[in-house]
Amino acid sequence: MSERDDSPTVEREGAPTANRWTLPKLRVDRNGDWFDEDVEITHPGILANLRATLKRDAAGYFIQTSVRIPVEVEDVPLVMVRVERRGETLRGVLNDGTEVVIDPATLCIGAADVPYCAVREGAFEARLARAAAFQLLQLAEYDERSGRGTLRLGGRDYALRRAG
């Protein structure tokens with residue numbers, strides 16, 4: 001028969017316990033890179049999980065597990081790294097490798113002339129990286145007199161409007 005061990009347990013110094021666990025301090029920089037504190041998260045599986053579970057509400061960005069983990073986002077959480085026209089649609093590749101259809105009606109020009117668009121059924125905005133911005137501008141027509149750009153797709157014109 002085994003006897004019950006009532007001796008006190010010894011905790012390793014610095015090891016987290018249920019009552020001492022603190023939330024990670026997650027943030028996404030303007031390039032779409034994820035960090036915990038100041039350590040960049042580079043593991044593909046962890047990044048995929050974080051990006052897939054990211055949510056947003058009136059209080060901001062967060063990841064919901066058994067607790068709500070806030071995520072500080074410097075600009076927007078996703079970056080469009082490539083833009084191309086396929087037939088009469090505009091497609092893009094996000095920094096997580098997913099390919100998306102871009103609704104040209106959601107394109108807008110933000111501060112410092114940086115383009116943005118809605119992605120993931122409008123749940124998030126994505127900032128166009130410099131290369132993607134140039135790819136978009138190559139597809140648009142620019143009117144020197146009015147200073148406006150227009151993207152023509154599917155027989156419709158979409159003004160590249162300034163964010164308001």
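Colleague: What share of the 164 residues in the protein chain is buried?
Modeller: Buried residues make up 34%. Buried means under 20% relative accessible area, exposed over 50%, and partly exposed in between, with a 1.4 Å probe and protein chains only. The model is predicted: local features need pLDDT of at least 70, side-chain atom pairs count only at pLDDT 80 or more, and totals for chains, interfaces and linings use all residues. Residues are numbered from 1 along each chain as its sequence is written, and side-chain values use heavy atoms, without hydrogens and water.

Colleague: Why is Glu 121 called exposed?
Modeller: Its relative accessibility is 87%. Exposed begins over 50%, so Glu 121 counts as exposed.

Colleague: Why is Glu 37 called partly exposed?
Modeller: Glu 37 has a relative accessible area of 47%. That value falls between the 20% and 50% cut-offs, so the label is partly exposed.

Colleague: Where does Glu 37 sit, and what is its phi?
Modeller: Glu 37 lies in the loop between β2 (34-36) and β3 (39-40). Its phi is near 60°, positive in a residue other than glycine. Most residues other than glycine have a negative phi.

Colleague: Where is Glu 121 found?
Modeller: In the loop between β11 (115-119) and β12 (124-128). Glu 121 also has a positive phi, about 60°.

Colleague: What makes a run of residues a strand or a helix?
Modeller: Both are DSSP runs, numbered from the N terminus: helices are H or I with at least four residues, strands E with at least two. On that basis the protein chain has two helices and 16 strands.
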